[in-house]
Amino acid sequence: MGTAMTTSFRLTVVGCSGSYPGPDSPASCYLVQAEHGGRTWSLVLDLGNGALGALQRYVDPLEVDAVLLSHLHADHCVDMTSYYVVRKYHPAGAQPKIPVWGPSGTDERLSKAYDLPTLPGMREEFEFHTYDAPFEIGPFTIDARAVDHPVEAYGMRISAVTEEAGLRTLAYSGDTGPTPSLLEIAADADLFLCEASFRHGDDNPPGLHLTGTECGETAAKCKVKRLVITHVPPWHDAQGMLTESLSAYDGPTELAAQGAVYAI
């Protein structure tokens, strides 16, 4: 990673409802930003149901530098179809391509979701990439690791060197069951944004999601500095998820909330 310094490395929760939008939040979407080189760099991390509307409270969609999709379930990517409309048909004119990183087949999946022909699909609006080696976007270094979910899915480490505190790292679980790669993703993270969709003690299917307890256990094993629990489905009690996580991790812990901003 480069040594260029950033300021105000931060995460804004745009949407944090698990599996589908809830009454208080869109589905998964997070805005990662930092000041660097005289401007603000903005990454959109997932863009689930209802998220594009809320995103506009925090950033002009035409000023986003890149989109990172953890996987292709609708609650993490379907609002890319609306974002395609913004970038193609805006009155200011068609916008330059921006990079979109995602699992293999992301371009075909999104084109199908909007009922576009495969070619050109959305390739005139977005430059599609698949996760491989770590890569850089502006001041950020992104390291995506495969996690345990029924489709190809990734968790991520997003790092930047800040003027205030040196190297800082945001870890994002994506959607996953317990897996060794999650320990690599979260190791020593300054903030661990971790999904908790299942309740401890229920008859939960394997290879799908974490319980609140598993979320806390992972945070403890990885010695993260701060845990933010996200992706709680509206059919579960979010405070119960928080209680589960606190039973296994005694560091700073809270529930993600739409509009919350965290300094990394």
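Predicted model: local features only at pLDDT ≥ 70, side-chain atom pairs only at ≥ 80, totals over all residues.

Entry 1: I began with strand β11 (residues 191-195) and strand β12 (residues 227-230), which run parallel and are joined by four bridges.

**Entry 2: the whole sheet.** I then stepped back to see where β11 and β12 belong. They are part of an open sheet of seven strands with mixed pairing, and its order reads β7-β8-β9-β10-β11-β12-β13.

**Entry 3: how α6 meets α7.** Back to the two helices, this time against each other. α6 and α7 pack at an angle of about 40°, and their axes are 7 Å apart. With that angle, α6 counts as oblique to α7. The crossing of α6 past α7 is right-handed. On the α6 side I listed Gly212, Thr213, Cys215 and Gly216; on the α7 side, Met241, Glu244 and Ser245 make the contact. Sorted by class, the contact of α6 with α7 has two nonpolar residues, four polar and one charged.

**Entry 4: the other sheet I looked up.** Here I wrote down another open sheet of seven strands, also with mixed pairing, in the order β6-β5-β4-β3-β2-β1-β14. Its edges are β6 (126-130) and β14 (261-263); each has a single partner strand, so one side of each is left without a neighbour in the sheet. Neighbouring strands in this sheet are turned against each other by 20° on average, direction ignored. I checked the β14 end as well: strand β1 (residues 7-15) runs antiparallel to β14, and three bridges join them. Thr12 has Val261 in β14 as its bridge partner. Helix α3 (residues 80-89) lies across β3 (39-47), β4 (66-68), β5 (98-102) and β6, and it runs at about 145° to β6.

**Entry 5: salt bridges.** How many salt bridges does the count come to? I got ten, taking a nitrogen-to-oxygen cut-off of 4 Å. I followed one of them, between Arg145 and Glu184, whose closest N and O atoms are 2.5 Å apart. Arg145 lies in strand β8 (residues 140-146) and Glu184 in helix α5 (residues 180-186), so this pair ties together parts that are 39 residues apart in sequence.

Entry 6: Most residues other than glycine have a negative phi, and most peptide bonds are trans. With that in mind I looked for exceptions. Leu119 and Pro120 are joined by a cis peptide bond, with omega about 0°. Pro120 lies in the loop between α4 (106-113) and β6. Ser8, a residue other than glycine, has a positive phi, near 55°. I placed Ser8 in strand β1.

Definitions and conventions
Residues numbered from 1 in each chain as written. Heavy atoms only, no water. Pairing = 2+ DSSP bridges. Axes fitted to C-alpha atoms, helices over the stretch in contact; angles between N-to-C directions. Contact = heavy atoms within 4.5 Å. Parallel < 35°, antiparallel > 145°, perpendicular 65-115°, else oblique. Left-handed = near helix turned anticlockwise from the far one by under 90°. Nonpolar A, V, L, I, M, F, W, Y, C, P; charged D, E, K, R; others polar. Salt bridge = Lys/Arg side-chain N within 4 Å of Asp/Glu carboxyl O.
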